[in-house]
Amino acid sequence: MVHVNGSYRARWDDPLGFCKHVGPPLAFKCIKASGGRVPRTLVGVARIYPVLYKERLPDGSSIVRSERMERKALQLYHQRVSKIAEDIMSEQDENCASTDDSEEGAKICKMLEQAAEPEVMMAGLTSEQMISFSSYQAKQKEARQNEVAKKVENALEVAGLSSRDVTPFLKVRVTGLAHKISATKTINKEGLITIWNPTEKQKADLVEGQVYIATGLLPSAHCTNILYLHARGSSTMWKPLASAQAADFQPFFTPRKAVELSLIGEVPLASEFDIAGVVLHVGDVYLCSNQKRQWLFLTDGSKFISASQSTDQDDCLLAVSFSCSSASDDGAFFSYALSGNTVGFSNLVKRQKDQTRRIWVAEATQSSTYTLSHEISKKSHLKEAATCAEKWASSSFDKIQQLKERVLCIIGDSGG
């Protein structure tokens with residue numbers, strides 16, 4: 001089949017027939033949503049999100065989990081499977097598998113069970129009798145195992161636990177590139193690539209800020225301002241472009257940085273941001289419109305550090321919400337143990353400010369992650385911000401207590 005995204009205009013003097021050379025990468029802005037697979041294109045990686053896991057449920061629906069939630073779901077699955085298997089095995093012990101009682105081994109086994117001193121009787125058995133007895137025991141063990149395996153398999157199927165259909169995927173936000181010598185000034189096309197079953201090499205080698213030649217991408221049929229593409233880890237290649245060649249293109253990458261609460265007003269609405277702060281309160285999970293929801297409140301002290309004499313508590317709190325399907329078996333997204341700790345958050349999404357309570361609001365999605373201060377890498381952009389917040393918290397006990405009391409008042413006012 002011939003696709004638009006895989007077709008190139010040839011030079012006027014090119015001979016017809018098979019091409020001996022590979023065509024140039026298709027410009028990212030020229031990819032058509034319904035134009036079929038893209039053999040090669042050039043992209044700059046702006047953001048790499050954590051690996052997520054999509055599970056298809058027996059009823060045909062699906063659920064997406066973060067790595068932390070997938071570990072919980074897998075642990076719960078193993079616990080339920082083990083419980084069913086243990087119950088069946090205990091029943092099987094009471095009703096041992098039956099084999100052919102006419103065998104000599106079966107007769108010897110019955111005699112040993114009835115003997116007053118089975119050890120003495122065992123010592124008097126001939127080698128042929130011992131072989132028959134051992135063979136009978138092996139057959140009995142195999143029959144018992146087969147019977148247990150069948151019962152466990154049937155029980156798991158009835159309970160909907162026969163297997164889990166889970167597929168990992170990695171989302172990469174990319175942007176098209178423009179040559180520095182380009183006469184036209186255009187806004188680079190943005191895209192979101194979903195890599196299904198990413199390889200370990202891809203997870204380790206893909207780097208934010210790097211330019212890649214990507215092969216085998218398949219765009220989604222629907223067209224929006226953002227181009228959505230899919231790929232299979234095993235069938236997609238990501239070849240980094242040499243630094244000298246990448247230097248020919250206009251800059252596209254804005255490195256991650258930790259946002260201070262005192263400057264969060266500069267972050268555009270619905271944009272992603274990273275922040276480090278002291279967790280003041282982790283709320284309980286509750287139901288709202290068929291969604292499980294949870295709130296977390298934090299501060300970083302930046303407002304008080306920049307204006308040490310300030311006692312105003314407005315705009316110094318960030319409320320972070322998380323929601324998921326009420327059908328999910330997962331527990332809380334935010335661990336209650338986070339309360340009182342300094343934590344670094346990545347990929348939060350800014351929401352409308354709560355003007356009534358004068359607090360900033362953000363949303364944690366499946367792509368959001370958090371890390372305790374002492375676990376943040378020294379190379380991370382969050383390390384310095386976490387250290388600064390932790391230092392402020394260690395000398396601001398009274399202020400933190402006041403903020404905690406304010407959070408409890410907010411929760412009380414909202415009924416949450």
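Okay, let's start with Ser368, which sits in strand 14, residues 360-372. Keep in mind that this is a predicted model. Ser368 is buried, at 4% relative accessibility. Its side chain reaches the backbone nitrogen of Thr365 at 2.9 Å. If you skip the neighbours within four places in sequence, Ser368 touches Phe333, Ser346, Asn347, Leu348 and Glu363.

On to the salt bridges. How many does the count come to? It comes to 13 salt bridges. Here are some of them.

Arg47 pairs with Glu208, with the closest N and O atoms 3.9 Å apart. Arg47 is in strand 1, residues 38-48, while Glu208 is in the loop between helix 5 and strand 6, so this pair ties together parts that are 161 residues apart in sequence. Arg47 counts as buried, at 18% relative accessibility.

Then there's Asp205 with Lys201, a salt bridge at 2.7 Å, N to O. Both of these residues lie in helix 5, 4 residues apart, which is about one turn of the helix.

Next, Arg358 and Asp315 form a salt bridge, with the closest N and O atoms 3.1 Å apart. This one links distant parts of the chain: Arg358 is in the loop between strand 13 and strand 14, Asp315 is in the loop between helix 7 and strand 12, and they are 43 residues apart. Arg358 is partly exposed, at 30%, whereas Asp315 is buried, at 19%.

Now, cysteines. The structure holds 0 disulfides. Take Cys316: the closest cysteine sulfur is in Cys409, 13 Å away, so that's too far for a bond. Cys316 is also buried, at 2% relative accessibility. Cys30, on the other hand, is partly exposed, at 35%.

Let's look at strand 5, residues 190-196, where 6 of the 7 residues are buried. Strand 5 pairs with strand 4 in the antiparallel sense over 7 bridges, and Leu170 has Ile195 as its bridge partner. Strand 5 also runs parallel to strand 7, joined by 7 bridges, with Ile193 opposite Leu229.

Last stop, helix 4, residues 127-158: 32 residues, reaching 47 Å from first C-alpha to last, close to the expected 46 Å. Its buried residues include Phe133, Tyr136 and Gln140.

Terms used:
Residues numbered from 1 in each chain as written. Predicted model: local features only at pLDDT ≥ 70, side-chain atom pairs only at ≥ 80, totals over all residues. Heavy atoms only, no water. Disulfide = S-S within 2.5 Å. Buried < 20%, exposed > 50% of the residue type's maximum accessible area, 1.4 Å probe, protein only. Helix = DSSP H or I, 4+ residues; strand = E, 2+ residues; numbered from the N terminus. Pairing = 2+ DSSP bridges. Expected span 1.5 Å × (residues − 1). Polar contact = N/O pair within 3.5 Å; in protein donor to acceptor, adjacent residues only side chain to side chain. Contact = heavy atoms within 4.5 Å. Salt bridge = Lys/Arg side-chain N within 4 Å of Asp/Glu carboxyl O.
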